[in-house]
Amino acid sequence: MSNYHIKHLEEYYQVYRKSVREPENFWEEVAEEHFMWQRKWDNVLSWDFSKPEVKWFEGAQLNITENCIDRHLATRGNKTAILFEPNDPSEAAEHITYNQLYERVCEFANVLKGQGVKKGDRVCIYVPMIPELAIATLACARIGAIHSVVFAGFSSTALATRINDCDCKTVITSDGSYRGAKTIDLKGIVDDALDSCPGVETVLVAKRINSDINMKQGRDKWLQPLLDAASKECPAEVMNAEDPLFILYTSGSTGKPKGMVHTTAGYMVYTAYTFKNVFQYKEDDVYWCTADIGWITGHSYIVYGPLTNGATSVMFEGVPSYPDFGRFWEIIDKHQVNQFYTAPTAIRALAKQGTELVDKYDLSSLKVLGSVGEPINEEAWHWYNDNVGKKQSPIVDTWWQTETGGIMITPIPFVTPTKPTYATLPFIGIQPALMGEDGQELKGNQVDGRLCIKFPWPSMARTIWGNHQRYRDTYFSAYENKYFTGDGALRDDVGYYRITGRVDDVIIVSGHNLGTAPIEDAINEHPAVAESAIVGFPHDVKGNALYGYVILKDTGESRNHENLRKEINQMITEHIGPIAKLDKIQFTSGLPKTRSGKIMRRILRKIACKDTSNLGDTSTLLNPEVVQDIMDNVL
Ligand code: WTA
């Protein structure tokens, strides 16, 4: 019996040890017992990080959609698979059962086939958070086409780059999308993008906002009539374990976005196993991840992880602030959500609103709270814990990346005691290493270094589409025989990991390594502060000094900025030490963020260094307008 579902700490340690000592036996048992295979593997794992080459379950044949859908039909056919909550709260939620999902995925798959899409073809999916997004994704997987989902908030330039990079001939989109009180002309953005994508032959258009759009003859087709005419049965394509399942782009610190390639069997096994344990999902639970399927979090923990477990997965079309900042809490109450997975940036934005809205709703259904995407600062952690979880629901601070495919370092709720700002322990099968400046692994506890992974795990990306050399250079060349994450981390006295942020954000002040996250944490502890970001700038004596950008809470009263600066530095002194004090503090109304909510420190660094000649492309930012404002007020 494999330990598919871990229930107490001793069991975690026991299973973890097994997963490290006998990784092949361990993953083979998990794979044997919980999935539908058309053919079993000849070999569980072969790997060589110097190439790098990693193969899991070689020789196996399967289709991931049979594991996400067909396998559940006999026992869960009438259970809700996808619970769609529309942007407008007065529009009815849609419950798509496993039976219905089966039919809709098969129909869509047949439409794709009818348009000439074949196994191995790349299909670009640029669709908002409506059911068609999940269904299109699964339909590609059904016929073995490689999906490349592009977040439907990206600009036409960003979309064109991604379409061209992997030569998509087919694009799936919608006439438009809703975002709070606004509608967005998605099809117009696609039309603009396609001016520079000569390879695209077919555009399939779902109807969402019923706007009057331009349909290019011969290229653009309404989806619904094609679906209506399609058969509700579509045999699943036979896929090899290492056949690509999808490409998902992630931005690097330099150059064009990297198309991370994920393959079929290992990705399926790992996302399923992590979903089950990290969220302690039980039959009849309602699980909600607020991410967009356009990001890895949505791929792994809205679609594949939940569905392979036969779960009910909520898909929310809207934004946390519409019609007001109580929307998340209203949805949790309405659908009696049991597991809620969101990002620190959302928590901070909601915390800024106070507790009135969160107290208005019944959140007693919640059992587990998740956090992902960036380090969660202490203040946000406590706000989440106190006001959302009412101190009853463990917070799982899950560290992972687009490249890792699944959650890597995380508490297991009700199993691992949590500690604010710590992602705690490696998940089963994950072997982290912290590397020192001399390139040696730092052994023992109470060390701080660069986070690497020294053994393959099933869901790791296998390459960058079209550029294996870049994959090797980016991830496997910094340290021999190790995958380098680009993050810094520390290991405390009991072996818990705390992610300190990207190492490119580490600032060395007077010879001391300072992570941005702990300093921002300290600043955010100040009652007047809503959010902050720290960067380094050159300093004659110290090498680097710290520059802080601080957003104040909107309390309606005006504050003396000089006093606040002193108080903030006092906070830092108390939490970290005088070494981490800021030389300059600029108060600002916003911070430049990526669409996924990450602060673009690269831009802030350039502004602080008064080096604004080449800020790079700011058009894909969520809020490009704040950049000028920050520049105008630089200290
Ligand atoms: C950061 C998102 C601290 C980290 C799944 C990583 C985190 C990058 C956490 C990947 C966390 C993600 N604590 N930092 N719990 N989760 N990160 O590819 O820097 O969008 O390298 O994947 O986000 O971001 P990505």
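Strand β7 (residues 146–149) pairs with β14 in the parallel sense, over 2 bridges. Strands pair here if DSSP finds at least two bridges between them. Strands (E, at least two residues) and helices (H or I, at least four) are DSSP runs, numbered from the N terminus. His-147 has Phe-246 in β14 as its bridge partner.

This is a predicted model, in which local features need pLDDT of at least 70, side-chain atom pairs count only at pLDDT 80 or more, and totals for chains, interfaces and linings use all residues. Residues are numbered from 1 along each chain as its sequence is written, and side-chain values use heavy atoms, with hydrogens and water left out.

**The sheets**

Buried means under 20% relative accessible area, exposed means over 50%, and partly exposed lies in between (1.4 Å probe, protein chains only). Strand β14 also pairs with β15 (residues 258–263). These two run antiparallel and are joined by 6 bridges.

Another open sheet has 5 strands, in the order β22-β21-β23-β25-β26, with antiparallel pairing. Here β22 (441–442) and β26 (497–502) are the edge strands, and each pairs on one side only. Strand β21 (residues 432–435) runs antiparallel to β22, and 2 bridges join them. Met-435 has Glu-441 in β22 as its bridge partner.

**The ligand**

The ligand is surrounded by 16 residues. A residue counts as near if one of its heavy atoms lies within 4 Å of the molecule. The closest are Asp-397, Thr-398, Gln-401, Thr-402 and Asp-487. By class, the shell has 6 nonpolar, 5 polar and 5 charged residues. Ala, Val, Leu, Ile, Met, Phe, Trp, Tyr, Cys and Pro count as nonpolar, Asp, Glu, Lys and Arg as charged, and the others, Gly among them, as polar. Three elements each supply at least two residues of this shell: α11 (296–308), β20 (395–398) and β26.

Which atoms of the ligand lie 3.4 Å, 2.7 Å and 2.9 Å from protein atoms? The table gives these distances.

| Residue | Protein atom | Ligand atom | Distance |
|---|---|---|---|
| Pro-375 | polar backbone atom | nitrogen | 3.4 Å |
| Asp-397 | N or O atom in the side chain | nitrogen | 2.7 Å |
| Gln-401 | polar side-chain atom | oxygen | 2.9 Å |

Taken alone, the ligand exposes 520 Å², and the protein buries 90% of that. Accessible areas come from the Shrake-Rupley method with a 1.4 Å probe; for residues, only the protein chains shown count as cover.

**Aromatic pairs**

A search of the whole structure finds 48 aromatic pairs. Rings of Phe, Tyr and Trp (its six-membered ring) pair if their centres lie within 6.5 Å; planes under 30 degrees apart count as stacked, over 60 as edge-to-face and the rest as tilted.

Tyr-270 and Phe-427 have ring centres 6.0 Å apart and planes at 90°, so this pair is edge-to-face. The pair links distant parts of the chain, 157 residues apart. Tyr-270 sits in helix α10 (residues 265–278), while Phe-427 is in the loop between β20 and β21. Tyr-270 is buried at 0% relative accessibility. Phe-427 is buried too, with a relative accessible area of 0%.

Phe-316 and Phe-328 form an aromatic pair that is also edge-to-face, at 6.2 Å centre to centre and 75° between the planes. Phe-316 lies in strand β17 (residues 312–316) and Phe-328 in helix α12 (residues 327–335), so the pair ties together parts that are 12 residues apart in sequence. Phe-316 is buried at 6% relative accessible area, and Phe-328 is buried at 3%.

Ring pairs also build a cluster, with Tyr-4, Phe-26, Trp-27, Tyr-270 and Phe-427 among its members.

**A further buried residue**

Is Trp-288 buried or exposed? Trp-288 is buried, with a relative accessible area of 0%. Its place is in strand β16 (residues 286–289). The C-alpha atoms of Trp-288 and Ile-331 are separated by 9.5 Å, and the two residues are 43 apart along the chain.

Technical notes. Polar contact = N/O pair within 3.5 Å; in protein donor to acceptor, adjacent residues only side chain to side chain.
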